[in-house]
Amino acid sequence: MQEPREETFDSVFSAANAELNAIGMRCPEPVMMVRLQIRKMAEGERLAVVADDPSTTRDIPSFCRFMHHTLVGSDAHEAPFRYVIQKGL
């Protein structure tokens, strides 16, 4: 019997319902673009975000808490930073 595989961040990131490329955008643009994209999505869908603005490491988790979305995962050790956000809690 095969052991169930743990999901990696890469697999979660690539399985997202939509992707937002915010490379080159500077605060507050990345979070504004995330907000616009999330509004178009259904509850429970996931958005993969790629950004290179260091402020996103603070702004995206704060946005998720404030707007009641779930930050499923992040890879924010070095640019480009990657996030997966699930709409709703």
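This is a predicted model: local features need pLDDT of at least 70, side-chain atom pairs count only at pLDDT 80 or more; totals for chains, interfaces and linings use all residues.
Local features need pLDDT of at least 70 and side-chain atom pairs count only at pLDDT 80 or more, while totals for chains, interfaces and linings use all residues. Residues are numbered from 1 along each chain as its sequence is written, and side-chain values use heavy atoms, with hydrogens and water left out.

Helices and strands here are DSSP runs, numbered from the N terminus (helices are H or I with at least four residues, strands are E with at least two). Two packed helices are described by the angle between their axes and the distance between the axes. For helix 2 (residues 29-39) and helix 3 (residues 56-67), the axes come within 10 Å and cross at roughly 30°. Such axes are lines fitted to C-alpha atoms, for helices over the stretch in contact, and the angles run from 0 to 180 degrees between N-to-C directions. Helix 2 and helix 3 are therefore roughly parallel to each other; angles under 35 degrees get that label, over 145 is roughly antiparallel, 65 to 115 is roughly perpendicular and the rest is oblique. The crossing of this pair is right-handed, meaning that the near helix is turned clockwise from the far one by less than a right angle.

On the helix 2 side, Pro30, Val31, Val34 and Arg35 make the contact, and helix 3 brings Thr56, Asp59, Ile60 and Phe63. Contact means heavy atoms within 4.5 Å. By type, the residues of this contact split into five nonpolar, one polar and two charged. Here Ala, Val, Leu, Ile, Met, Phe, Trp, Tyr, Cys and Pro count as nonpolar, Asp, Glu, Lys and Arg as charged, and the others, Gly among them, as polar. Thr56 of helix 3 is buried, with a relative accessible area of 1%; buried means under 20%, exposed over 50%, and partly exposed in between (1.4 Å probe, protein chains only). Leaving out residues up to four places away in sequence, Thr56 touches Pro30, Ala51, Pro61, Phe81 and Tyr83.

Next, the cores. A nonpolar core is a set of buried Ala, Val, Leu, Ile, Met, Phe, Trp, Tyr and Cys residues joined through side-chain atoms within 4.5 Å. The largest one has 13 residues, and Val34, Ile38, Leu47, Val49, Ile60 and Ile85 have the most contacts inside it. At least two residues of this core come from each of strand 1 (18-22), helix 2, strand 2 (46-51), helix 3 and strand 4 (81-86). Apart from it lies another core, of six residues, including Val12, Phe13, Ala16 and Val84. Beyond four places in sequence, the residues touched by Ile85 include Glu45, Cys64, His69 and Leu71.

Glu19 sits in strand 1 and is exposed, at a relative accessible area of 54%. Its C-alpha atom is 5.5 Å from that of Leu47, 28 residues apart along the chain.

The peptide bond from Cys27 to Pro28 is cis, with omega near 10°, and Pro28 lies in the loop between strand 1 and helix 2. Another cis bond joins Ala79 and Pro80, with omega about 0°; Pro80 is in the loop between strand 3 (70-75) and strand 4. His68, in the loop between helix 3 and strand 3, has a positive phi of about 65° although it is not a glycine.
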